[in-house]
Amino acid sequence: FGTPPAPPPANAGILKDDQTKPKEPKSFRERISQHASDPTCASCHKKMDPLGFALDNFNAVGVWRDEERGLPLDTTGVLPTGEKLTGFDSLKQIVLKRRTEFVHNMAEQMLIYALGRELDYYDDGPLREIQTALENNDFRFSAMVMAIAKSYPFQYRRNMEAGNE
């Protein structure tokens with residue numbers, strides 16, 4: 001929803017194989033939970049993990065699954081707002097309730113990607129136009145792509161590779 005996480009600690013991104021723990025985690029969720037029990041990791045994981053767990057029914061290539069390694073998936077979680085997730089459907093309902101925030105953030109992130117740069121104050125108008133195009137076209141992804149491609153910042157972006165900064 002556009003709320004950036006705090007910067008990660010210096011050793012973030014490393015899932016340690018802790019030999020002092022006698023029980024080997026059976027699932028990815030258990031492994032992440034062990035990692036997130038570290039206080040330096042917990043603050044970010046509290047924000048990220050519920051979203052990932054809610055989407056865990058989808059494997060790495062997007063195929064639906066109900067279990068991992070023969071064990072049923074636990075797709076429950078609690079967002080930092082206190083909203084409870086019980087899988088993909090409840091996440092979808094939360095996104096729909098906060099549609100305006102979601103659409104704004106998605107359009108902003110897509111425009112950043114398309115431009116290859118962070119946005120500035122002068123991108124606010126085109127960003128609102130992209131959001132309006134989404135709203136007027138039943139929130140179709142293709143409407144966002146077309147609105148970005150037709151936007152002033154995209155049409156007149158500078159070629160950073162040519163050294164035109």
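The dialogue below takes up the nonpolar cores, a helix crossing and the salt bridges in turn.

Modeller: Please bear in mind throughout that this is a predicted model.

Colleague: Which residues make up the largest nonpolar core?

Modeller: In soluble globular proteins, nonpolar side chains tend to be buried together. Here the largest such core has 11 residues: V103, A107, L111, L115, L127, I130, A133, L134, M144, A147 and I148. Helices α4 (99-115), α5 (124-136) and α6 (141-150) each contribute at least two residues to this core. There is also a second, separate core of 6 residues, with L79, L91, I94 and V95 among them.

Colleague: With which residues is L111 in contact, once neighbours within four places in sequence are left aside?

Modeller: L111 touches L119, L127, I130, I148 and S151.

Colleague: At what angle do the axes of α4 and α5 cross?

Modeller: The two axes come within 10 Å of each other, and the crossing angle is roughly 120°. Because angles of 65 to 115 degrees count as roughly perpendicular and those over 145 as roughly antiparallel, α4 is classed as oblique to α5. The crossing of α4 past α5 is right-handed.

Colleague: Which residues meet where α4 and α5 are in contact?

Modeller: From α4 come T100, V103, H104, A107, E108 and L111, and they meet L127, I130, Q131 and L134 of α5.

Colleague: Let us turn to charge. How many salt bridges are counted?

Modeller: The count is 6. One of them pairs K97 with E83, with 3.9 Å between the closest N and O atoms. K97 belongs to helix α3 (residues 88-97), whereas E83 sits in the loop between β3 (76-78) and β4 (84-86), so the partners are 14 residues apart. K97 is exposed, at 64% relative accessible area.

Colleague: What does the salt bridge between R98 and E83 tie together?

Modeller: The closest N and O atoms of R98 and E83 are 3.6 Å apart. R98 lies in the loop between α3 and α4 and E83 in the loop between β3 and β4, so parts 15 residues apart in sequence are tied together.

Colleague: Is D123, the partner of R117, buried or exposed?

Modeller: D123 is buried, with a relative accessible area of 1%, while R117 is partly exposed at 24%. Their closest N and O atoms are 2.8 Å apart. Elsewhere, salt bridges with shared partners join E83, K97, R98 and E101 into one network.

How values were computed: Residues are numbered from 1 along each chain as its sequence is written. This is a predicted model: local features need pLDDT of at least 70, side-chain atom pairs count only at pLDDT 80 or more; totals for chains, interfaces and linings use all residues. Side-chain values use heavy atoms; hydrogens and water are left out. A nonpolar core is a set of buried Ala, Val, Leu, Ile, Met, Phe, Trp, Tyr and Cys residues joined through side-chain atoms within 4.5 Å. Buried means under 20% relative accessible area, exposed over 50%, partly exposed in between (1.4 Å probe, protein chains only). Helices (H or I, at least four residues) and strands (E, at least two) are DSSP runs, numbered from the N terminus. Contact means heavy atoms within 4.5 Å. A salt bridge is a side-chain nitrogen of Lys or Arg within 4 Å of a carboxyl oxygen of Asp or Glu. Axes are lines fitted to C-alpha atoms, for helices over the stretch in contact, and angles run from 0 to 180 degrees between N-to-C directions. Angles under 35 degrees count as roughly parallel, over 145 as roughly antiparallel, 65 to 115 as roughly perpendicular and the rest as oblique. A crossing is left-handed if the near helix is turned anticlockwise from the far one by less than a right angle, and right-handed if clockwise.
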